Amino acid sequence: MDLDQELFDAAVAQLERRWPADEPGGAAAMYLDDGRIVTSVGLDNVNGGVTLCGETGAICQAYTLDRRVTASVYVYREVGGEPKVLAPCGICQERLAMWGPDVQVAVPDPDAPAGWSVHTLAEVHPYYWAKAFADGQWPPTSLHTAP
């Protein structure tokens, strides 16, 4: 499934379910290869070392279901603001990389009508370090998940 307005809307709906308008918050939505949408929110904690990105729960759901993630969007809203797209952080890019370079992610784009556009992981991360272990190619899932 390609990243589209429906996926963005699912992330916003999760954001609104979890975070009241008077609190900042974020949420993610992902398409799985069977067309399902999974959503998640981050885990904040007084100990910053145990916090989790908003995409982590959806990534774990996909992995648990043994499904590929095909597209991912993360939205963030400040108090009183409108939801805006944030590109996946480097850690979440690494987590999504196990499903290959063609995973689509939303990125902020002030020139796009919606304020965001779609790029593949390969476009967002053209110098992916793990190519060094796969003869210059994007590593297969088996390399990511090998014990």
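How many of the nine residues of β3 are buried?

Tutor: Before the count, a word on what you are looking at. This is a predicted model, in which local features need pLDDT of at least 70 and side-chain atom pairs count only at pLDDT 80 or more, while totals for chains, interfaces and linings use all residues. Residues are numbered from 1 along each chain as its sequence is written, and side-chain values use heavy atoms, with hydrogens and water left out.

Eight of the nine residues of β3 are buried, so that the strand is mostly covered, where buried means under 20% relative accessible area, exposed means over 50%, and partly exposed lies in between, using a 1.4 Å probe and protein chains only.

With β1, the strand β3 runs antiparallel, and eight bridges join the two; here Ala28 stands opposite Tyr74 of β3. With β4, which covers residues 84-86, β3 is again antiparallel and is joined by three bridges, and Val75 stands opposite Val85 of β4. β3 and β4 form a hairpin with six residues between them, and in that turn Gly80 has a positive phi of about 80 degrees. With β5, residues 104-108, the direction is parallel, and two bridges make the join; Ala71 has Gln104 as its bridge partner in β5.

In α2, residues 56-65, the buried residues are Thr56, Ala58, Ile59 and Ala62. These residues lie on the same side of α2 because they cover an arc of only 165 degrees around the axis, the arc being that of the directions from the helix axis to the C-beta atoms. As background, an α-helix has 3.6 residues a turn, so residues three or four places apart point the same way. The buried residues of α2 pack against β3 (69-77), and also against β1 (25-32), β2 (37-40) and α3 (90-96), where contact means heavy atoms within 4.5 Å. After α2 comes Asp66, whose phi is positive, near 60 degrees.

Technical notes: Helices (H or I, at least four residues) and strands (E, at least two) are DSSP runs, numbered from the N terminus. Two strands pair if DSSP finds at least two bridges between them.
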